[in-house]
Amino acid sequence: EGIYKEVDGMEIYSSFVKKMAAELGADLCGIAPVDRFRDAPKGYNPRDVLPECRSVIVVAVSSLSSTMSANSTLPYTLVRNQLSDRLDGMALELAERLESQGVGAVPIGANEPCVLDRGSRKLRGVISLKHAAVFAGLGKMGKNTLLINERHGNMLWLGAVLTSAE
């Protein structure tokens, strides 16, 4: 939180990144050093996407919990789609701002793109955003494999930016 970092001669503050994320609409933002992903399955490590990745910035927005009590799944789906689009835009904007400062930055989408994991026969993202959020201090993994945050419960949608900054 506000710790001085230097990357390629540039000063980067984690609090500055978190402030940018908040300005873009994130309810939460955390940063995880890439070393926390060392046990990620092959193909799902941030360095598999960005070889010079040193940190993963995770952003989260809270969902509307009222959609869970609706008699139809359509309101939930609408909210999910809109929040996913918002997170994708947020990750892109954050990556553009970092790159404009000379820092490598790759946005990771909230829902897509995804690939079929042949072993589990499930669709998976480029990295596990839930694990990234845990590594970034945004919550803990519940027994239901959902991210659980003290304030927002499990009603969070996630996005990320892989960056060459520490």
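## A strand covered on both faces

In strand β10, L156, L158, A160 and L162 point one way while W157, G159, V161 and T163 point the other way, and all of them are buried. Buried means under 20% relative accessible area, exposed means over 50%, and partly exposed lies in between (1.4 Å probe, protein chains only). Helices (H or I, at least four residues) and strands (E, at least two) are DSSP runs, numbered from the N terminus.

A word on what you are looking at: this is a predicted model, in which local features need pLDDT of at least 70 and side-chain atom pairs count only at pLDDT 80 or more, while totals for chains, interfaces and linings use all residues. Residues are numbered from 1 along each chain as its sequence is written, and side-chain values use heavy atoms, with hydrogens and water left out.

## The sheet around β10

Which strands make up the open sheet, and in what order? There are four, in the order β3-β4-β10-β5, with antiparallel pairing. Two strands pair if DSSP finds at least two bridges between them. β3 (28-33) and β5 stand at the edges with a single partner strand each, so one side of each has no neighbour in the sheet. From one strand to the next, the twist averages 20°. For such angles, axes are lines fitted to C-alpha atoms, for helices over the stretch in contact, and the angles run from 0 to 180 degrees between N-to-C directions.

Now follow β10 to its partners. Eight bridges join β4 to β10, and the two run antiparallel; here I57 stands opposite V161 in β10. β5 and β10 also run antiparallel, joined by four bridges, and A105 has T163 in β10 as its bridge partner.

## Three salt bridges

How many salt bridges does a search of the whole structure find? The search finds three. A salt bridge is a side-chain nitrogen of Lys or Arg within 4 Å of a carboxyl oxygen of Asp or Glu. E23, E93 and R97 are linked in a network of them. The side chains of E93 and R97 meet at 3.0 Å, N to O, and both residues lie in helix α3, four residues apart, about one turn of the helix. E23 is exposed at 52% relative accessible area, whereas R97 is partly exposed at 27% and E93 is partly exposed at 29%.

R54 forms a salt bridge with E166, with the closest N and O atoms 2.3 Å apart. This pair links distant parts of the chain, 112 residues apart: R54 is in the loop between α2 (46-49) and β4 (55-62), and E166 is in the segment after β10. R54 is partly exposed at 33%, and so is E166, at 44%.

## The largest pocket

The largest pocket has a volume of about 1200 Å³. On a 1 Å grid over the protein atoms alone, a pocket is an open set of points where a 1.4 Å probe fits, with protein on both sides within 12 Å along at least five of seven lines; lining residues have an atom within 4 Å of a point. A volume is the space filled by probe spheres set on the points.

The largest pocket is lined by 37 residues, and G125, I127, S128, L129 and K130 lie nearest its centre. Elements giving two or more residues to this lining include α4 (129-135) and β10 (156-163). The lining divides into 22 nonpolar, eight polar and seven charged residues. Here Ala, Val, Leu, Ile, Met, Phe, Trp, Tyr, Cys and Pro count as nonpolar, Asp, Glu, Lys and Arg as charged, and the others, Gly among them, as polar.
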